[in-house]
Amino acid sequence: MRMDRVLFWLLRFVALWACASVVLPARAQNAVEQFYRGKTVTILIGHPAGGSYDLYARLAAAHLGRFIPGNPQVLVQSRPGGSGAGAVQFLYAFAPRDGTLLGLFTETIGLIQLVQPEIGKWRVQDFAYLGSFANVNSAFMMRKDSPAKSVEDMRRIETKAGCNSRLGQSYVNYAVLKAYGGFKFHIVCGYPGSMEFPMVLARGEVDVISGAWNAWRRRPDVLDGTLRPVIQSGLKRHQELPDVPLMQELLDDPKHKQVAEFLSSASTIGRALLVHKAVPAERIAALREAFDEMAKDPLFIMQAERAGAELDPTPGLEIQKISDAIVATPKEIIDLAAAAQK
């Protein structure tokens, strides 16, 4: 009799646990749906309209709401300034933490936090990545009539290199090769954004621009050879640039190679959506699932292809691991990276 009673209670516990395992996720799903129904979700970018941040944000705005429970309206807001630092700081310190404001920021926010803490006054550890549209290997785009014609020429001939500010990868990439690779870059900063770069190259104001390859790859002046990629940053060569060397391949000292790899490590984060970790966990989970579903959606893929947007999506949890690894970089490498930028 006693054994039967134990078995009865054991079976009852298992049944209750099974019911709970079904009911609790359903309740969380319903709560998320109720929250987002009738709401507006804003995707905040820190750069002017017209660049790759704007492109991916508008693609997400057109499709993401179909996959978020409750189907909220999704809009894009541009808050340019300081290579996007102002927008990051706003989301980190002042934005609502309810899941109605997402960010699509530069992939280097973790690097800025470590190397330039006086500017990166945020904790990337407090952001939750939702997913990445594509990586962003940067390419050094050179005019075909530039005084320097090759990588080795840039070590001997002064080359005017354009950038927007000292926070962006466009400056950082030049600085590392100048400090540790002997490249004779004359760095000219102050251009408003990536939309101006092709024009200043065409006018001959600068000889080379470092920018995201996915923003250059389909331009007519690239396809006809007027502009050509000569160096790239990233942890591996882009599949479309198999013969273009990585920055670390151009450095001899192993420590300097590590610095270049550290500063290139964020390329795998790429153009990624994030939200503050203070957002309720069930909403973060729903947003991550929505991103993954959107990335597989035929209508989204078709529109991205028509817009010339490169797609190589990565789930949010994988991007989170990459970001966490960047923050765990040894101090010696961080110090060398900071020294190169002075």
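Biologist: Which residue does the disulfide join to Cys-163?
Modeller: This is a predicted model, and it holds one disulfide. The two sulfur atoms are 1.8 Å apart, within the 2.5 Å cut-off. One partner, Cys-163, is in strand β6, and the other is 26 residues away in strand β7. The residue joined to Cys-163 is Cys-189.

Biologist: Are α6 and α10 roughly parallel or antiparallel?
Modeller: Two packed helices are described by the angle between their axes and the distance between the axes. For α6 and α10 the axes are 11 Å apart and the angle is about 180°. Angles over 145 degrees count as roughly antiparallel, so α6 and α10 are roughly antiparallel.

Biologist: How many nonpolar residues are in the contact of α6 with α10?
Modeller: Helix α6 contributes Val-172, Val-176 and Tyr-180, while α10 contributes His-256, Val-259, Ala-260 and Leu-263. One residue of the contact is polar and none is charged. The number of nonpolar residues is six.

Biologist: Which residue has its backbone oxygen 2.9 Å from a polar side-chain atom of Gln-248?
Modeller: Gln-248 lies in the loop between β9 and α10 and is buried, with a relative accessible area of 6%. Among the residues it touches are Leu-235, Lys-257 and Ala-260. The backbone oxygen in question belongs to Gly-234.

Key. Residues are numbered from 1 along each chain as its sequence is written. This is a predicted model: local features need pLDDT of at least 70, side-chain atom pairs count only at pLDDT 80 or more; totals for chains, interfaces and linings use all residues. Side-chain values use heavy atoms; hydrogens and water are left out. Helices (H or I, at least four residues) and strands (E, at least two) are DSSP runs, numbered from the N terminus. Buried means under 20% relative accessible area, exposed over 50%, partly exposed in between (1.4 Å probe, protein chains only). Contact means heavy atoms within 4.5 Å. A polar contact is a pair of N or O atoms within 3.5 Å; within protein, one must be able to donate a hydrogen and the other to accept it, and residues adjacent in sequence count only if both atoms are side-chain atoms. Axes are lines fitted to C-alpha atoms, for helices over the stretch in contact, and angles run from 0 to 180 degrees between N-to-C directions. Angles under 35 degrees count as roughly parallel, over 145 as roughly antiparallel, 65 to 115 as roughly perpendicular and the rest as oblique. Ala, Val, Leu, Ile, Met, Phe, Trp, Tyr, Cys and Pro count as nonpolar, Asp, Glu, Lys and Arg as charged, and the others, Gly among them, as polar. Lists of a residue's contacts leave out its neighbours within four places in sequence.
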